[in-house]
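Please look over the sequence and the structure first.

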Amino acid sequence: MKPFCRICENEIFEQRLYFPKSPRNIERLFNRDFLAQDTPVNLKVFQCKKCGHVQLLNQLQDDYYEEYLMTHSHVKKMLNFQKNQAKQFVDFFSLGGKRVFEAGCGDGQFSLLLKELGCQVFSNEPSAVARKACREKGLETIDGYVSAGSLSDLKGTFDAVVARQVLEHVPLPNDFMQGVSELLKPAGVCLIEVPSLEQSIEQNRFFDFFPDHLSYFSSGALTHLFSRNCFEIVRLNRVMDGEYNEIWGRLEKNPGLMSLQEAADRISLSFRTFLDQETKLGRRVAIWGAGAKGVLTLSMVDVHSVAYLIDLDPVKEGRFTPVSHLQVSNPRRLLSEPVDTIIITAMAYKDEIIRDLKDEYSFKGKIAFLSGGEIISLNE
Ligand SMILES: [Zn+2]
């Protein structure tokens with residue numbers, strides 16, 4: 001298979017770095033007797049020509065992580081950083097008592113911190129050695145990887161997913177993020193932490209590149225990855241003296257658009273209720289605004305008890321609106337044929353229209369306007 005960008009799937013790259021004779025596995029130190037087994041690799045780092053993502057093109061062997069155990073949690077500075085990080089994340093999203101999944105939890109140190117903060121923590125970890133360490137901490141850690149379609153019995157059951165120092169090892173970051181989004185409830189949140197590419201570049205750190213880091217994420221690449229996978233970015237920071245890029249996201253599978261549909265569904269009822277109430281009080285109602293927003297709103301509501309429609313634009317005068325078929329009049333009609341109530345649909349000019357109504361048309365009646373799915377009265 002032709003190699004492709006791990007984020008945008010483009011197939012054209014530029015080679016940026018070449019380190020011959022790199023260690024195949026930086027985790028592995030040899031006994032003298034095993035030195036003959038040391039087989040270095042040529043490390044080549046590429047950059048996607050389309051999105052700029054920096055990555056290796058090769059894959060790791062399937063069993064790479066089975067015996068993997070890399071942890072810095074015995075270092076005091078790291079432990080303090082993690083404590084602070086866990087607390088900020090839990091506090092910000094009120095995750096106390098909530099279900100949190102940690103992907104690739106290593107020796108379970110961070111999961112333990114989340115647990116101490118009151119979260120119900122579950123995790124996965126492909127390394128058997130690391131899983132053993134988790135079990136000894138009393139954590140519920142399962143085997144395997146997070147990917148689209150994996151862990152299907154846990155689908156949609158978590159309030160948050162955490163993945164620290166994981167994504168740079170993941171062959172298919174989009175697939176991983178799909179797996180994360182599947183684990184989450186609607187509007188669930190995530191914390192992803194990766195080594196910062198910016199830090200490597202700023203400090204000429206050639207030693208940050210090695211075979212098991214398949215991707216080198218800049219904040220731009222993380223942003224791209226999140227938006228591709230329907231995560232809204234809540235926070236994006238360089239942390240731990242700039243060593244890591246940390247990103248917080250919220251799953252955004254169009255909840256915003258869902259609420260727009262609800263608003264559209266509500267407007268017809270709100271409009272009818274408003275007009276019925278005005279009619280009952282013997283009031284005549286005009287609408288101000290035959291622009292796009294007004295025309296669209298009027299197409300969704302019952303306008304039979306509207307007295308008339310006005311708009312300042314002389315080009316529109318005398319013409320009829322589509323669907324609602326109201327004829328557009330000049331606002332001067334307010335003087336010859338007064339109404340008691342005006343609904344403004346031209347929201348961008350609301351303040352100006354209110355001023356004109358009072359100053360130029362001496363209007364003393366009720367003014368209402370469109371807001372989301374409601375008709376709101378300005379005065380009574
Ligand atoms: Zn790309």
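## Basis

This is a predicted model, in which local features need pLDDT of at least 70, side-chain atom pairs count only at pLDDT 80 or more, and totals for chains, interfaces and linings use all residues. Residues are numbered from 1 along each chain as its sequence is written.

## The whole chain

The protein chain has ten helices and 17 strands. Here helices (H or I, at least four residues) and strands (E, at least two) are DSSP runs, numbered from the N terminus. The radius of gyration, at 30 Å, is well over the 21 Å that the globule rule gives for 380 residues, so the chain is more spread out than a compact globule. That radius is taken over C-alpha atoms, and the rule is 2.2 Å times the number of residues to the power 0.38. Along the principal axes, the C-alpha atoms fill a box of roughly 105 × 45 × 35 Å.

Of the 380 residues, 34% count as buried. A residue is buried if 20 or more other C-beta atoms lie within 10 Å of its own, exposed if 12 or fewer, and partly exposed in between, with C-beta atoms placed from the backbone. Among contacts with a separation of 6 or more, 63% are between residues 24 or more positions apart. Two residues are in contact if their C-beta atoms, placed from the backbone, lie within 7 Å.

## Helices α1 and α2

Two packed helices are described by the angle between their axes and the distance between the axes. For α1 (residues 76-92) and α2 (residues 109-116), the axes come within 9 Å and cross at roughly 45°. Axes are lines fitted to C-alpha atoms, for helices over the stretch in contact, and angles run from 0 to 180 degrees between N-to-C directions. The angle makes α1 oblique to α2; angles under 35 degrees count as roughly parallel, over 145 as roughly antiparallel, 65 to 115 as roughly perpendicular and the rest as oblique.

Q82, K83, A86 and V90 of α1 meet Q109, F110, L113 and L114 of α2.

R266 is found in helix α7 (residues 255-280). This residue counts as partly exposed, with 13 C-beta neighbours inside 10 Å. Not counting residues up to four places away in sequence, R266 touches G373 and E374.

T223 is found in helix α6 (residues 219-228) and is partly exposed, with 17 other C-beta atoms within 10 Å. Leaving aside neighbours within four places in sequence, T223 is in contact with I233 and L236.
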